[in-house]
Amino acid sequence: MNRGIFISFEGIDGAGKSSHVQAVADAFAQAQRQVVLTREPGGTPLAEKLRDMVLHDSMDPLSEVLLMFAARRDHLQQVIEPALARGDVVVCDRFTDATFAYQGAGRGFDLNVLRQLELWVQALPSGGLRQPDLTLWFSLDPAIAAERLSNARVPDRFEAQPAAFFAKVHQGYSDRLQADSKRFARIDASASLEQVREQVMHVLHQRLNLQTPS
Ligand code: TMP
């Protein structure tokens, strides 16, 4: 049986990662892998309800953090762990790096508390911590991301944040990459859609030996 693979996509709002999530899922499906395409916050009926709350209802930073991790816990138990146990490929639009970047770096929430919650929520029965096998970080100058977002739909609580917030979130992602560079691949999201897709496919080939059609 194939080994399960867990891939997460990260980046500030407007970095353009979502356009590539489906392409990655399709590439694995073409390689005859079972794929679970999912997102955070969300991915289960309960976590999607929590998503709606954190994106739209005002709340204090601790409530926001707890709801993110509550959604993650349900998502891990209902979707991610069973899929990995079956040997599927889990393609997930955001995971815990987003909490460290948005709530930690962006909002200034205590990183030690986030680490503690991460330990509780992502603990594996066998010991150790569930983390993605590969995290694609779509790195983009926050000013360019803001320009791309300005044409978007009505902004949610995060998209409505000022440029200074996204500069901090961007730095938060950069810090996560420094701390765990083997897990991360940095994608230059300022390139054209086609060039970004090529970078993504190259990383999948290099890191996970995925054969992609040329
Ligand atoms: P999305 O628009 O990429 O689906 O993400 C939803 C928003 O939720 C996005 O602005 C980032 C934010 N978010 C957090 O603040 N913390 C988290 O842990 C996650 C997963 C998302």
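**Strand S1 and its neighbours**

Five bridges join strand S1 to strand S3 (residues 89–93), and these two strands run parallel. The model discussed here is predicted.

Trainee: In S3, which residue is the bridge partner of Phe6?
Mentor: S1 and S3 are parallel strands joined by five bridges, and Phe6 takes part in this pairing from the S1 side. Its bridge partner in S3 is Val90.

Trainee: Which residue of S4 stands opposite Ser8?
Mentor: S1 is also joined to strand S4, which covers residues 134–139, by four bridges, and this pair runs parallel. Within S4, the residue that stands opposite Ser8 is Thr135.

Trainee: How many of the six residues of S1 are buried?
Mentor: Ile5, Ile7 and Phe9 point one way from the strand, while Phe6, Ser8 and Glu10 point the other way, and residues of both groups are buried. Strand S1, residues 5–10, is therefore largely enclosed by the rest of the structure, the number of its buried residues being six of the six.

Trainee: What is the radius of gyration of the protein, with its eight helices and five strands?
Mentor: From the N terminus on, the elements run β-α-β-α-α-β-α-α-β-α-α-β-α. The globule rule gives 17 Å for 214 residues, and the protein comes close to this, so it is as compact as a globular protein of that length, with a radius of gyration of 17 Å.

Trainee: What share of the residues of the protein counts as buried?
Mentor: A residue is taken as buried when its relative accessible area is under 20%. Of the 214 residues of the protein, the share that counts as buried is 50%.

Note on methods. Residues numbered from 1 in each chain as written. Predicted model: local features only at pLDDT ≥ 70, side-chain atom pairs only at ≥ 80, totals over all residues. Heavy atoms only, no water. Rg over C-alpha atoms; globule rule 2.2 N^0.38 Å. Buried < 20%, exposed > 50% of the residue type's maximum accessible area, 1.4 Å probe, protein only. Pairing = 2+ DSSP bridges.
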